[in-house]
Amino acid sequence: MVPGMARRSPPSISEPTYFILAALLDGPLHGHGIIKCTLRLSENRIKLPVGTLYGALDRLTANGLIEVDREETVDGRPRRYFRLTDEGRHVLSEEALRMRQAASVVMSRIADPGSAFS
Amino acid sequence: MTETEAVGTGSTRSGALERRYRLLLRAYPRDYRERFGDEFIGTLLETTPPGRALPGMTESAALVRGGLRTRIAGAAHGPPWPDGLHLGLLIVSLADLGLLLPYAGSIPLWVCLSAGVVLAVAHGRVRLAIPLVLLIGSKTTAIALGRPWLDQTLVPVFPDSFWGNETALYGMGGPITPVITHGVLLLGLLVLAVRPRPPRRRFPGWWALAPLVACTDPAWLTVAAGSPRSLARVGLEAALLLLAVWAGAATGDPRWAVAAVPYVLVQIAVLVENFDSVGRQDVAHWALLGFLAVTATAVPYRSRAALRL
């Protein structure tokens, strides 16, 4: 078990939210950039509609997990770049640890077929 | 096709697509559109495959859903319980006006006073609404008991011919329903009146919904007759309660369930008053209202933890 896990259950976050936060790990991105990055990181499983993306960005901003880094105008249209806050980075890493622990429960037994499924 | 024509066709298609996206963005509140509409359009056009002139179904549904959710979140101001109670009292006062409206030819003064209650509640003037509710409650209870009070009202009170039915006011039941209706209104208004901050002013055009409510045959308190207008009332109630369920799930805010409580209490009074004569349709109607009200109450608590993120 990962040290520190299972002492308290961290708040669960949806898979799209997880990948949105993960997309911002490498630096600020604008809406279209986040959509492309989540698609790539999720191996083409999560294609966020724009309406869903901006709703999620509004909620994540309201909860302090991300914030607007800067605004730019490209081809006459405004763009907001979002970045992770420290709180967002913390929540994301907690969720990653939780999933790693959950995955290890299964993966260790699959690797040792005689222990659980025989 | 020449290169110039191809560019022109692409530009026309892109313009049409942008117009359609802007139409869909109308689901969002105006101030939100003014702040972020151009950014949305830019992202939408970037993510749409080239050559498309129509928004995709998934994107369209997401925009409408996102717009409604933003509107619901924007409509939630202040502490949930008082704000939800205020909205619930506005709904009950509006339903009361809708019930009295078909009798305007016989009791015009009381219908005007009822409209005054709706306006006062909508404007957050709860102390002004209290005496009006007391007066209307006393008058309608007197009518339900078959007694004129304060003026020479001829009882029973029949609707104006325009409305196309002959159900007398409270002709389907005794005084319990008007007593509970106005008692709920009075108690709720008293609770709001003693709070240090008065309720906020709501969109005053609420009163315009009264004719719509009147068209749903509200004086026919049970639905056993199964008239199309009674069924329209059931449909309207169910639609509003489903909206409360969805709003609670989308925002984790209990105010929409609180807003449903006063109306459901009044409907319980109708059930109690007509208990001996209720049919299966009535039981199904009240079961539906109860189920949706309980669901609307439970859903925000379940959603709240997930919504934090």
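User: Hi! Read along the sequence, what pattern does chain B follow?
Analyst: Chain B reads α-α-α-α-α-α-α-α-α-α-α. That is 11 helices and zero strands, where helices (H or I, at least four residues) and strands (E, at least two) are DSSP runs numbered from the N terminus. This is a predicted model, in which local features need pLDDT of at least 70, side-chain atom pairs count only at pLDDT 80 or more, and totals for chains, interfaces and linings use all residues. Residues are numbered from 1 along each chain as its sequence is written, while chains are lettered from A and ligands numbered from 1 in the order in which they are written.

User: Thanks! How do α9(B) and α10(B) pack?
Analyst: Helix α10 (residues 255-273) of chain B packs on α9(B) at an angle of about 155°, and their axes are 8 Å apart. Axes here are lines fitted to C-alpha atoms, for helices over the stretch in contact, and angles run from 0 to 180 degrees between N-to-C directions. The two helices are therefore roughly antiparallel (under 35 degrees counts as roughly parallel, over 145 as roughly antiparallel, 65 to 115 as roughly perpendicular and the rest as oblique).

User: Which residues meet there?
Analyst: From α9(B) come Leu241(B), Ala244(B), Ala247(B) and Gly248(B), and they meet Trp256(B), Ala257(B), Ala259(B) and Ala260(B) of α10(B). Contact means that C-beta atoms, placed from the backbone, lie within 7 Å. Seven of these residues are nonpolar, one is polar and none is charged; Ala, Val, Leu, Ile, Met, Phe, Trp, Tyr, Cys and Pro count as nonpolar, Asp, Glu, Lys and Arg as charged, and the others, Gly among them, as polar.

User: And at what angle do α3(B) and α9(B) cross?
Analyst: Roughly 85°, with the axes of α3 (residues 57-75) and α9 (residues 228-251) of chain B coming within 10 Å. That pair is therefore roughly perpendicular. Arg69(B), Ile72(B) and Ala73(B) of α3(B) make the contact with Ala247(B), Ala250(B) and Thr251(B) of α9(B). Those residues divide into four nonpolar, one polar and one charged.

User: Switching topic: how many residues of chain B are in contact with chain A?
Analyst: On chain B there are 20, facing 20 residues of chain A. Each of α2 (30-47), α3 and α11 (280-307) of chain B supplies at least two residues of that side.

User: Which helix gives the largest share?
Analyst: That would be α2(B), with nine residues. By type, the side of chain B that touches chain A has eight nonpolar, five polar and seven charged residues.

User: Last one: how much of chain B is buried?
Analyst: Buried residues are 38% of the 309 in chain B (buried means 20 or more other C-beta atoms within 10 Å of a residue's own, exposed 12 or fewer, and partly exposed in between, with C-beta atoms placed from the backbone).

Terms used:
Two residues are in contact if their C-beta atoms, placed from the backbone, lie within 7 Å.
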